[in-house]
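The sequence and structure come first.

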Amino acid sequence: MNTVSDPVAFLQQEVAHTRRLLLNNSLYYRLQTLADLRRFMEHHVFAVWDFMSLLKALQRELTCVKVPWVPTANPATRRLINEIVLEEESDVDLHGQPMSHFELYVRAMEECGADTAPIRRLVAAVNAGRTVSQGLDAAQAPDSVRQFVETTFAIIRSGQAHAVAAAFTFGREDLIPAMFRQLVGELRTRFPGQLDTFTYYLDRHIQLDEEVHAPLAQQMVRELCADDPDRWLDCQHVTIQCLEARMVLWDGISPGKSRVAQLVRTT
């Protein structure tokens, strides 16, 4: 019999197996060369980009972004999301200059010689009014990237704020510190002084997400789900969907035995 009474702790317990498979992915240990890292960044940057759309979807749903302005229903949730937006969209770089985390990541790619042309083509296409799918076509994105991004936008299009919050919280903010910690120590050892912007980006995410964003985001989910068991179940399903999509993304970078196939066999 389950004895976990806190709904967030219960959700984390229910998705722990899938999360463990992702965090044990061999990709983290197979980034042995700068060429390996460039390939990783060229795929991962699409996840950095679509993360901002998750965040903006929450800001649209939970705060007022229209004119004339009116106060939204829950001031506490409004403050939570605006605090996260402030740091994700306008944090500072190594020199204290304002910059979004996406822009910081693209700069890190340029510094290590990764190809930024595909992600720039996607951004340009979307900025010109084309759909995300058309933008992925313009970028010639790999199938694994396309599946990951389309999973994100399907959740956004659901229009369910609690589902979007679950993807944001348990598919990203609650996951990223453990995931990035796998990378940062290895990179510093292998490439001392060569990846300053990228390791700054990783360190910044570990610090902000672990100490600030994840607790705020969990509180946001609590506010949105309250005592509704159906909403909490939706959050559990969405979280697993996001973790599986991340495993597909990682497998696209590191071809080999599919972690999703492993998950199916072991559950």
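The chain holds 13 helices and two strands. The model is predicted, and the mean pLDDT of the chain is 88.

**Confidence**
- A pLDDT of 70 or more is reached by 94% of the residues.
- Residues 255-267 have a pLDDT below 50. In the model this stretch still makes 23 contacts beyond near neighbours in sequence.

**Overall form**
- The C-alpha trace spans about 50 × 50 × 35 Å along its principal axes.
- Buried residues make up 50% of the 267 in the chain.
- Among contacts with a separation of 6 or more, 71% are between residues 24 or more positions apart.

**Packing of H3 and H9**
- Helix H3 covers residues 34-62 and helix H9 covers residues 161-173. The two pack at an angle of about 145°, and their axes are 10 Å apart.
- The crossing of H3 with H9 is left-handed.
- On the H3 side, the contact is formed by Ala47, Asp50, Phe51, Leu54, Leu55, Ala57, Leu58, Glu61 and Leu62. These meet Ala161, Val164, Ala165, Ala167, Phe168, Arg172 and Glu173 in H9.
- By class, the residues of this contact are twelve nonpolar and four charged, with no polar ones.

Technical notes: Residues are numbered from 1 along each chain as its sequence is written. This is a predicted model: local features need pLDDT of at least 70, side-chain atom pairs count only at pLDDT 80 or more; totals for chains, interfaces and linings use all residues. Side-chain values use heavy atoms; hydrogens and water are left out. pLDDT is the predictor's confidence in each residue, from 0 to 100. Contact means heavy atoms within 4.5 Å. Axes are lines fitted to C-alpha atoms, for helices over the stretch in contact, and angles run from 0 to 180 degrees between N-to-C directions. Helices (H or I, at least four residues) and strands (E, at least two) are DSSP runs, numbered from the N terminus. A crossing is left-handed if the near helix is turned anticlockwise from the far one by less than a right angle, and right-handed if clockwise. Ala, Val, Leu, Ile, Met, Phe, Trp, Tyr, Cys and Pro count as nonpolar, Asp, Glu, Lys and Arg as charged, and the others, Gly among them, as polar. Buried means under 20% relative accessible area, exposed over 50%, partly exposed in between (1.4 Å probe, protein chains only).
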